[in-house]
Amino acid sequence: MSQVATAADWAPYIGVSLSRRLFSFARSAWIMFVVDNPLMWKWGFRGKYANDDIEGPFYVVGAPQRQVEEGKMVLASADALHKHGPFLFSIEVKDAKGEPVPNAVLDCWQADSDGVYFFASWTLRGKMMTDAQGHAEILTVRPADYGAPMLGRRAGHLHIMVTGTTGKHAPMTSQIYVCPGNNAEHLSIDFANAWRQTPRQNMATCWSVPAATGGERMHNLPELPASDTGTIERLAWWNQKLHEHGIDREVGAVGCHEIRLGDI
């Protein structure tokens, strides 16, 4: 990967060329109708590994790296963080035996807290690497549900492509769902689950931080236990960085998740 961004370069605006968008849309059509065709899931060609999930139609090839420190990425711009409030994903990438996968490449994209994807820019799109312990932290905004009448709705999620050690781990496309109140029944609204088993294993365990949101629990999530000192320390680190960058909001919730890669 290229040189990591400085703290001053948190998720800067970068445009996406029309040619890249057209190529990506054509590629996504192939993925949707062939690779992620419902029959592929029914016949077992997709879903081989527990955390496998569909790619969806909104991937854009070639996202920039957004890593700011080892194992840490800022996916949302300062404007987005101001508008929607910071949300932190804390992700562990492990192999089939449960061992950490260091230096795994994560390619992520998502909708914002209004359910909007961006295509003309790399907004809420970026790459990073896990640290030496296979851990990754992504500062972003909470991905909201989205959809339209007659077309169906999707539960809020972070898309993620994970590439582990070449020749050892099978690349994986997954999604990390953020459900209100950590209620897995919310996934029943998702039309993508009409032809496959509901991917409850891809739902993050999320915690709210009411002290950062005026006493309210973001997304009706349970409050982060005081006993989870590791997560509390991580949040303190990010809150300090937010303040250093003139962002007068603190992390309002954190989503914890583990992804296990399959062996080749």
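Predicted model: local features only at pLDDT ≥ 70, side-chain atom pairs only at ≥ 80, totals over all residues.
Residues are numbered from 1 along each chain as its sequence is written, and side-chain values use heavy atoms, with hydrogens and water left out.

Me: Why is Ile176 called buried?
Reply: Buried means under 20% relative accessible area, exposed means over 50%, and partly exposed lies in between (1.4 Å probe, protein chains only). Ile176 has 0% relative accessibility, so Ile176 counts as buried.

Me: What is Ile176 in contact with, leaving aside its neighbours within four places in sequence?
Reply: Contact means heavy atoms within 4.5 Å. The partners of Ile176 include Phe89, Ile91, Leu158, His257 and Ile259. The C-alpha atoms of Ile176 and Ile259 are 9.3 Å apart, and the two residues are 83 residues apart along the chain.

Me: Where is Ile176 placed?
Reply: Ile176 is in strand E10. Helices (H or I, at least four residues) and strands (E, at least two) are DSSP runs, numbered from the N terminus.

Me: What makes E9 and E10 a pair?
Reply: Two strands pair if DSSP finds at least two bridges between them. Six bridges join strand E9 (residues 157-163) to E10, so the pair meets the rule. The two run antiparallel. Leu158 has Ile176 in E10 as its bridge partner.

Me: Why is one side of E5 and of E10 left without a neighbour in the sheet?
Reply: The open sheet has four strands in the order E5-E4-E9-E10, with antiparallel pairing. Strand E5 (125-129) and strand E10 (172-177) stand at the edges with a single partner strand each, so one side of each has no neighbour in the sheet.

Me: Which pairing does the sheet of six strands have?
Reply: The pairing is mixed, in the order E1-E2-E6-E3-E12-E11. E3 shows both kinds. Six bridges join E3 to strand E6 (residues 135-140), and these run antiparallel. Eight bridges join E3 to strand E12 (residues 253-260), and these run parallel.

Me: How do you know that strand E3 is largely enclosed by the rest of the structure?
Reply: Six of the eight residues of strand E3 (residues 87-94) are buried, so strand E3 is largely enclosed.

Me: What makes Arg196 and Asp53 a salt bridge?
Reply: A salt bridge is a side-chain nitrogen of Lys or Arg within 4 Å of a carboxyl oxygen of Asp or Glu. The closest N and O atoms of Arg196 and Asp53 are 2.6 Å apart, so the pair qualifies. The pair links distant parts of the chain, 143 residues apart. Arg196 counts as buried because its relative accessibility is 12%. Asp53, at 0%, also counts as buried.

Me: Why is Lys83 called exposed?
Reply: Lys83 has 56% relative accessibility, so Lys83 counts as exposed. Its salt bridge with Asp114 spans 3.3 Å, N to O. Lys83 lies in helix H3 (residues 78-84) and Asp114 in the loop between strand E4 (105-110) and E5, so the pair ties together parts that are 31 residues apart in sequence. Asp114 has a relative accessible area of 48%, so Asp114 is partly exposed.
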